[in-house]
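Here are my notes on the charged side-chain pairs, as you asked. Have the model open while you read.

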Amino acid sequence: AFNEGNIISYPERNNLKEYNVTPCDNGCLRFTHTYKDEQEHYVDVCKDDKRIVRLSVYSLLPDLAGRYPFRGDLHMHTCRSDGKQAPAIVAAEYRKNGYDFLAITDHDSYYPSLEAINAYKDVPIEYTLITGEEVHLEDNDIQAVLICSSTDTHSTISLEAIAAGKHIFCEKPIALNTKEAEQFCALEATHPEVKIGVCLQNRMNETTEALKEIIESGEYGKIVGIRGFVPWRRDKNYYDAQPWRGKWKYAGGGSMINQSLHTLDLLYFLGGDIEKLHAVVGQTNEYPEVEVEGDIIARLEFANGANGLFFATNNNWTNESVQIRVAMEKGIFHIEDNTLWKIEADGSRTVVCKSPRLEGIKFYYGSSHTRLIARFYNAVKNNTDDYIHISEGAMIVKLMDSIFRSSNTGRIVEV
């Protein structure tokens with residue numbers, strides 16, 4: 001809301017709705033209006049075409065109703081870079097105009113934000129000043145960039161970072177389709193000086209690592225069957241909170257690309273190459289504004305002769321643990337609730353190992369992000385090859401595309 005320390009009035013949207021209202025006997029003005037979006041709106045009370053007062057009204061979903069609407073700005077420059085006012089003055093101007101928090105983010109300079117914080121450290125006001133800096137990819141000591149933005153921006157941001165000589169660690173999926181994924185992967189060959197890793201953190205769950213070791217040991221023979229279940233819940237509030245999640249153009253898909261891709265990756269990681277598959281994709285919820293799929297079932301044919309089943313839904317009654325089962329010639333193993341079990345001949349279960357449980361309501365996500373990122377940082381620091389390469393992320397996008405292609409044609413397809 002400020003430019004170089006000066007206030008800016010943003011242009012109002014051209015969606016004005018006027019009501020002619022007569023005061024009630026008690027002097028109240030009453031009218032009814034329905035808002036379609038979750039945001040702040042202005043109500044102007046006017047007389048003879050002159051505004052008497054402006055009120056803010058917030059249209060919110062139940063999760064935000066009743067909370068305090070804090071006002072803030074997370075990007076502001078001072079005279080320590082290309083602004084006009086000193087950090088303390090900029091902070092004062094914001095507070096005078098009713099702001100509750102402010103991040104000072106001068107170009108390539110962290111100390112101006114500290115300067116502002118220090119200026120007000122003994123002032124008894126409810127005002128939060130946040131440390132910050134606007135970082136430019138070129139001409140700095142940054143070694144790696146972590147990309148956690150929406151999927152449609154991954155390749156663009158990566159190109160900019162790689163051009164500046166930065167290593168890349170990218171969230172899944174790396175791209176919206178196979179063609180984009182292959183172009184992304186090509187960057188690793190043309191820029192061997194840069195490491196490009198992908199966030200497939202569930203490969204590093206202790207349960208996954210233990211099962212992988214058991215499979216590769218050959219003690220229980222070859223894999224004959226493998227399955228993965230993802231019984232999750234994404235209700236209307238999930239899509240309303242971030243509307244891009246329900247749109248093909250921005251999300252690239254629903255349950256497949258945003259929720260269950262990690263489980264499909266584990267089936268590939270544990271079972272090996274998938275040669276063919278036959279899939280059905282649909283949506284059993286009743287949210288008309290949601291374009292993307294919510295339910296997937298796929299039969300998988302592995303190169304080693306094993307058969308596989310992949311099932312994922314966003315329409316379960318709640319969020320339950322992902323389930324993975326691997327049947328080998330001499331034994332069956334099952335992962336569920338952060339535990340790897342050996343299924344005995346009588347159907348009983350023996351615990352093999354457990355993974356740490358992620359705290360909070362998203363316990364079912366898996367807890368290995370920290371280990372995976374630390375591994376990538378170590379590869380950058382020591383110039384090793386010990387990280388999950390971008391090509392692994394491309395294979396998962398290829399499997400995803402094959403699932404949609406099979407569903408669209410109603411036929412079994414080669415991957």
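The points below go through the salt bridges.

1. First, the ground rules. This is a predicted model, where local features need pLDDT of at least 70, side-chain atom pairs count only at pLDDT 80 or more, and totals for chains, interfaces and linings use all residues. Residues are numbered from 1 along each chain as its sequence is written, and side-chain values use heavy atoms, with hydrogens and water left out.

2. Searching the whole structure turns up 16 salt bridges. The term here means a side-chain nitrogen of Lys or Arg within 4 Å of a carboxyl oxygen of Asp or Glu.

3. Take Glu-93 and Lys-96, whose side chains form a salt bridge at 3.6 Å, N to O. They sit three residues apart in helix α1 (residues 87-96), so about one helical turn separates them; helices are DSSP runs of H or I, at least four residues, numbered from the N terminus. Glu-93 is partly exposed at 25% relative accessible area, while Lys-96 is exposed at 63%. For those words, buried is under 20% relative accessible area, exposed is over 50% and partly exposed is in between (1.4 Å probe, protein chains only).

4. Helix α5 (residues 206-217) holds Glu-216 and Lys-212, four residues apart and about one helical turn from each other. Their side chains also meet in a salt bridge, 3.6 Å from N to O. Glu-216 is exposed, at 58% relative accessibility.

5. Which residue does Arg-95 pair with? Its partner is Asp-100, with the closest N and O atoms 4.0 Å apart. Asp-100 is buried at 13%, whereas Arg-95 is partly exposed at 32%.

6. Finally, look at Asp-44, Arg-51 and Arg-54, which are linked in a salt-bridge network.

Methods
Helices (H or I, at least four residues) and strands (E, at least two) are DSSP runs, numbered from the N terminus.
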